[in-house]
Amino acid sequence: MSAPSTGGASRDGYGAALLNLADDPRVVVIEADLGKSTKSCLFRELYPERTISLGIAEQNMVLVAAGLASCGKVPFASTFAIFTERAFEQVRNGLARPGLVAHICGSHGGIHTGTDGSSAQSIEDLALYRTIPGMTVMHPSDDLSATKLTEQLLNHPNPSYTRTARNKTPRIYDEDTINSIQIGKGSVLKEGNDVAIIAIGVMVHKALEAAENLRSEGINATVVDMHTIKPLDTALLDQLANSVSGIVTVEDHSVIGGLGSAVSEYLSENNPTIIRKIGVEDRFGESGDSEELLSLVGLTVESIETAARAML
Amino acid sequence: MSAIDLIVGLYGTQLNVDSNNPDSSQRDRFIMSKGHASPAVYAILKEHDFLKQSDLDGFRSLGSVCQGHVDMKWTNGVDFSAGSLGMGLSFGIGTAFAAKMDGLDYQTWVMLGDGETQEGQIWEAFMAASYHNLDNLHVIIDRNRIQNDDFVNVQMEIGDVASKVEAFGWSVKEIDGHDMEAVVEALQWSMDTPGPSAVVAHTVKGKGVSFMEDNPSFHGKAPNDAELKMAMEELV
């Protein structure tokens, strides 16, 4: 699958969604200095009266969002994924516990973030937020899906965390296929009866590429973009477990607690299936460009293919 | 008990709340950030008909609307879910901003503990509120000089907290938090003062009960039956 010239990183999709939501006066955007990076700056430019800049102070930001939510606002607060983690307890105790609905976006998620080095490469955010009762956790795979999923948060009944990526990856969806995407429903991108590859974020296009290569060997793979890891689409997991010989999960995130863990937790108890988790093994990243880093930690098309072959 | 005179003064003279319309978007907000002062809040909420005596009797027990720490999800008339110190002022910034965005004139009152100001988030919030000139935001600091383990000046002295808050761009007034006339006057001063304003109220923990006053061992511990009897004899 070749990269189309159009499209942007998923963080661009988030910024576009905020603009699309601006007609609703309840929407408020909150920033902790990094609006240019998370792309909430697009909203700030046009709607400064509904944008609150709070400086480099993430803990304060989360509780300001909670206070706004208690007054009927729909706050969208963003910073780097890694810095949302500094306010994890605020999200847990100040936002989710009282049942308030605000939406946190962590951009620059994963080792794919690149040259900034390991301090900026959150590889544990999805695991953390998944543990909070009632929290919706998402990681879109391209700009179009980031836009659509963020738009769907407008009347979403739960607080959410959405991880976006810094760098551009090939578009997964087009203007038509994007319309069927829905929070909580995995998107089946390709169907095959031998193995299933469930991927998330920047790894989805690599999963599709692996599936193409496997087909030439006579191996037919289903490929799923599991953009929502909580609530998890367990109906789809059951369907896959019943139709293929094994499942490969692929994520730019620690293998501890992320997509692979979520899939394993469900299937091991409900529909035991062979699962191979591809993700960042228990280690930190380092500086480098995205592709170099993904290769360094084994997040490659080849490793997906190898894991898929082993299922047969 | 260090906070009760402040709370009585606030509910009695400033706070616009109505138990018949507890969720009114125009109500004043009272954010008790030091959530362990829940008994004082539940007591005043009973006086204002948000709670019944039977609710208070269930304090800290399973299923009770009176949770160990004040919790907006459980209790009518409570605007914030506390229990983890350092978060209330930030929440108050959110409610104060919402008032401005919606053109409503309700006020947000936040009560902080003095030990609580050891939390860094409190200072993030002080800085943000003055930068954004939130004149509808009011803080009361209950300066009782005691925190969980010991006296504040033993654990980590916060020093001249009034000057520190002032340095963050707030107007500040210091009072004796048990002098009701001074309390009422200071709350009105806060209303009349432009920009965000804070009242540092010097108080005595366990006020009114001789053996509890200024005694750190009663910070998080309820009196036993004999102590309760003695305390009630002193108070009533």
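In the predicted model, B:Phe168 is partly exposed, with a relative accessible area of 26%, where buried denotes under 20% relative accessible area, exposed over 50% and partly exposed the range in between (1.4 Å probe, protein chains only). B:Trp123, by contrast, is buried at a relative accessible area of 17%. Local features were required to have pLDDT of at least 70 and side-chain atom pairs pLDDT 80 or more, whereas totals for chains, interfaces and linings use all residues. Side-chain values rest on heavy atoms, without hydrogens and water, residues are numbered from 1 along each chain as its sequence is written, and chains are lettered from A and ligands numbered from 1 in the order in which they are written.

Rings of Phe, Tyr and Trp (its six-membered ring) were paired if their centres lie within 6.5 Å, with planes under 30 degrees apart classed as stacked, over 60 as edge-to-face and the rest as tilted. In one of them, the ring centres of B:Trp123 and B:Phe168 are 4.9 Å apart and the planes stand at 55°, so the pair is tilted. Because B:Trp123 belongs to helix H5 (residues 120-131) of chain B and B:Phe168 to the loop between helix H7 (161-167) and strand E4 (171-176) of that chain, the contact ties together parts 45 residues apart in sequence. Helices (H or I, at least four residues) and strands (E, at least two) are DSSP runs numbered from the N terminus.

An edge-to-face pair is formed by B:Phe126 and B:Trp170, at 4.9 Å centre to centre and 85° between the planes. B:Phe126 lies in H5 of chain B and B:Trp170 in the loop between H7 and E4 of chain B, so parts 44 residues apart in sequence are tied together. B:Phe126 is buried at 0% relative accessibility, and B:Trp170 is buried at 3%. Ring pairs link B:Trp123, B:Phe126, B:Phe168 and B:Trp170 into a cluster.

In chain A, helix H8 (residues 143-151) has seven of its nine residues buried and is therefore largely enclosed by the rest of the structure. Among the buried residues of H8(A) are A:Asp143, A:Leu144 and A:Leu149. The cover of the buried residues of H8(A) includes helix H1 (10-21), strand E3 (74-80) and strand E5 (136-138) of chain A. At the start of H8(A), a side-chain oxygen of A:Asp142 comes to within 3.3 Å of the backbone nitrogen of A:Leu144.

How values were computed
Contact means heavy atoms within 4.5 Å. A polar contact is a pair of N or O atoms within 3.5 Å; within protein, one must be able to donate a hydrogen and the other to accept it, and residues adjacent in sequence count only if both atoms are side-chain atoms.
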